[in-house]
Amino acid sequence: SELDCSTSVPCGFTLMAYLDRLVPKNSGRFTYTNYTSEVITNPAGGARFLNDYQNVASIDAYYFTSSGTGCYVARVYGFFTASECPKAADYGVDVARERALDLRKPIWNFVELGTTNQAKDNIGPGEIGGAVWNFIINGAMGIDYFIEDTANGPCGETNNVLEDTSCADAISATREVTKIDRQIRALAPILNTQSYKYTFNAKLDTMLKYYDGSYYVFAMPGLTGRLGSYHLTMPPGLSASKVQVIDQDRTIPITG
């Protein structure tokens with residue numbers, strides 16, 4: 001029989017339980033569900049969706065290309081102020097809120113590559129990179145790319161931005177994704193280690209790793225941070241005299 005889930009939240013739980021039962025056991029595959037941001041705006045129901053079903057979950061909220069509607073909804077629920085959205089840090093907030101509801105399972109999340117809300121509102125290459133790395137810094141274990149351009153932006157409506165070679169915006173987005181994926185692959189041994197819980201600067205989103213004799217610090221502006229220079233306070237007992245900046249061929253001295 002068909003279920004009408006338009007007015008009944010429990011219906012969603014019934015559907016997920018039904019789908020879980022369809023999955024072959026011990027198949028070597030994991031199950032995955034992408035939800036709307038309802039799972040974090042309604043944490044009581046969201047915790048059940050994230051915890052009780054699939055092996056991996058994500059949500060999709062496209063802040064850079066839904067700066068009107070998307071940020072409006074986020075402000076209604078008290079997530080962000082007008083000065084905090086749209087920012088790359090908004091994407092990491094989603095991961096942190098999902099992680100607060102589910103401490104056991106991997107969290108993935110989506111980054112858009114085209115226009116999702118209104119014409120001429122394409123995400124820029126730097127914004128793509130910022131969203132991806134803020135996801136990772138905040139604990140995402142996987143990245144999905146939303147590859148459609150759905151709002152008739154500069155590239156028109158296209159089903160696959162990564163395969164569109166006729167539009168400059170699509171080409172620049174593809175180059176950025178290629179660069180990011182290359183960085184992630186190169187850093188995968190470090191990224192796949194357990195993070196240490198430590199805050200280097202309250203205005204930054206940061207992540208601390210240790211691998212093969214070196215500490216790795218990942219940092220970018222958080223909700224209250226802006227572009228500029230920042231002091232990072234090192235953890236007590238960390239013995240190091242300088243920082244090597246990856247991919248920039250420069251070092252920074254550690255003092256005090």
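Author: Two rings of Phe, Tyr or Trp pair if their centres lie within 6.5 Å. By that rule, a search of this whole structure, a predicted model, finds 14 aromatic pairs.

Reader: What makes Tyr91 and Phe135 an edge-to-face pair?

Author: Two values decide. The ring centres are 5.6 Å apart, and the cut-off for a pair is 6.5 Å. The planes stand at 85°, and edge-to-face asks for over 60 degrees. So the pair is edge-to-face.

Reader: Which parts does the pair of Tyr91 and Phe135 tie together?

Author: Tyr91 lies in helix H5 and Phe135 in helix H6, so the pair links parts that are 44 residues apart in sequence.

Reader: Are Tyr91 and Phe135 buried or exposed?

Author: Both Tyr91 and Phe135 are buried. They also belong to one aromatic cluster with Tyr63, Phe64, Phe79 and Phe80.

Reader: What kind of aromatic pair do Tyr198 and Phe200 form?

Author: Tyr198 and Phe200 are edge-to-face, with 4.9 Å from centre to centre and 80° between the planes. The angle needed is over 60 degrees.

Reader: Why does Tyr198 count as partly exposed?

Author: Its relative accessibility is 24%. Buried means under 20%, and exposed means over 50%. Tyr198 falls in between, so it counts as partly exposed. Phe200 has 2% relative accessibility, so it counts as buried.

Reader: How do you know that the charged end of Arg48 sits over the ring of Phe13?

Author: The charged end of Arg48 is 3.9 Å from the centre of the Phe13 ring. The limit is 6 Å, with a further condition of within 35 degrees of the ring normal. Arg97 lies over the face of Phe79, also at 3.9 Å from the ring centre. Phe79 is one of the residues in the aromatic cluster.

Reader: Why is strand E3 called largely enclosed?

Author: Count its residues. Strand E3 covers residues 108-112, and four of the five are buried, so the rest of the structure largely encloses it. Buried here means under 20% relative accessible area.

Reader: How do you know that E3 and E4 pair?

Author: Pairing takes at least two bridges. E3 and E4 have five, in the parallel sense, so they pair. Glu112 stands opposite Phe146 in E4.

Reader: Which residues of strand E1 are on its covered face, and which on the uncovered one?

Author: In strand E1, residues 32-35, Thr33 and Tyr35 make up the covered face. Tyr32 and Asn34 make up the uncovered one. In a regular strand the side chains alternate between the two faces of the sheet.

Reader: What joins E1 to strand E2?

Author: Four bridges join E1 to E2 (residues 56-59), and the strands run parallel. Thr33 has Ala57 in E2 as its bridge partner.

Reader: Which residues lie nearest the centre of the largest pocket?

Author: Val217, Phe218, Ala219, Leu232 and Val245 do, out of 49 lining residues. The space comes to about 2,100 Å³. Strand E6 (214-221) is among the elements that supply at least two residues of the lining. E6 gives the most, with eight residues.

Reader: How does the lining of the largest pocket divide by class?

Author: There are 27 nonpolar, 15 polar and seven charged residues in that lining.

Reader: How much space lies in the second largest pocket?

Author: About 930 Å³. Its lining has 30 residues, with Ile136, Ile137, Asn138, Gly139 and Met207 closest to the centre. E5 gives the most to this lining, with six residues. By class, the lining holds 15 nonpolar, nine polar and six charged residues.

Key. Residues numbered from 1 in each chain as written. Predicted model: local features only at pLDDT ≥ 70, side-chain atom pairs only at ≥ 80, totals over all residues. Heavy atoms only, no water. 1 Å grid on protein atoms, 1.4 Å probe; cavity = no way out; pocket = protein on both sides within 12 Å on 5 of 7 lines; lining within 4 Å. Points joined across faces, edges and corners; volume = space filled by probe spheres on them. Nonpolar A, V, L, I, M, F, W, Y, C, P; charged D, E, K, R; others polar. Phe/Tyr/Trp six-rings, centres within 6.5 Å; stacked < 30°, edge-to-face > 60°. Buried < 20%, exposed > 50% of the residue type's maximum accessible area, 1.4 Å probe, protein only.
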